[in-house]
Amino acid sequence: MKDEDFNYIRQAYAVEKMFLQNEIGYKMIEDYLNEHYGQDMLANIKGEN
């Protein structure tokens, strides 16, 4: 893996920690993803697809 890959892994880990600690943070990021990508980007993770 490249150094850039590890940066993405660190960012994903930080987001996951935020989700676990703060429902508002989770909702804020989910809304951002939905707005910018036009779909529920977390559906696969939630098992909704």
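In helix α2, four residues are buried: Gly 25, Tyr 26, Glu 30 and Leu 33. They sit on the same side of α2, because they cover an arc of only 130 degrees around the axis. That arc is taken from the directions running from the helix axis to the C-beta atoms. Buried means under 20% relative accessible area, exposed means over 50%, and partly exposed lies in between (1.4 Å probe, protein chains only).

This is a predicted model: local features need pLDDT of at least 70, side-chain atom pairs count only at pLDDT 80 or more, and totals for chains, interfaces and linings use all residues. Residues are numbered from 1 along each chain as its sequence is written, and side-chain values use heavy atoms, with hydrogens and water left out.

**The whole chain**

- The protein chain has three helices and zero strands. Helices (H or I, at least four residues) and strands (E, at least two) are DSSP runs, numbered from the N terminus.
- Along the sequence, the pattern reads α-α-α.
- Of the 49 residues in the protein chain, 12% are buried.
- The accessible surface of the protein chain is about 4,400 Å², and 54% of that belongs to carbon and sulfur atoms. Accessible areas come from the Shrake-Rupley method with a 1.4 Å probe; for residues, only the protein chains shown count as cover.

**Confidence**

- The protein chain has a mean pLDDT of 77, and 76% of its residues reach 70 or more. pLDDT is the predictor's confidence in each residue, from 0 to 100.
- Confidence is highest in α1, at a mean of 84, and lowest in helix α3 (residues 43–46), at 63.
- Where pLDDT is low, the predicted coordinates should not be read in detail.

**Helix α2 up close**

- Helix α2 has 15 residues. From its first C-alpha to its last it reaches 21 Å, close to the 21 Å expected at 1.5 Å a residue. The expected span is 1.5 Å times one less than the number of residues.
- Tyr 26 lies in helix α2. Tyr 26 counts as buried because its relative accessible area is 18%.
- The C-alpha atoms of Tyr 26 and Val 15 are separated by 8.1 Å, and the two residues are eleven apart along the chain.
- Ile 29 also lies in helix α2. At 22% relative accessibility, Ile 29 is partly exposed.
- The C-alpha atoms of Ile 29 and Phe 19 are 9.0 Å apart, with the residues ten apart along the chain.

**The salt bridge**

- A search of the whole structure finds one salt bridge. The term means a side-chain nitrogen of Lys or Arg within 4 Å of a carboxyl oxygen of Asp or Glu.
- The side chains of Asp 31 and Lys 27 form this contact, at 3.1 Å from N to O.
- Both residues lie in helix α2 (residues 23–37), four residues apart, about one turn of the helix.
- An α-helix has 3.6 residues a turn, so residues three or four places apart point the same way.
- Asp 31 is partly exposed, at 35% relative accessible area. Lys 27 is partly exposed too, at 42%.

**A nonpolar patch**

- Met 1, Phe 6 and Ile 9 make a nonpolar surface patch of about 340 Å². Patches are made of residues with over 30% relative accessible area and no salt bridge: like charges are joined within 9 Å, nonpolar side chains (Val, Leu, Ile, Met, Phe, Trp, Tyr) within 5 Å.
- Phe 6 is found in helix α1 (residues 3–21). Phe 6 is partly exposed, with a relative accessible area of 37%.
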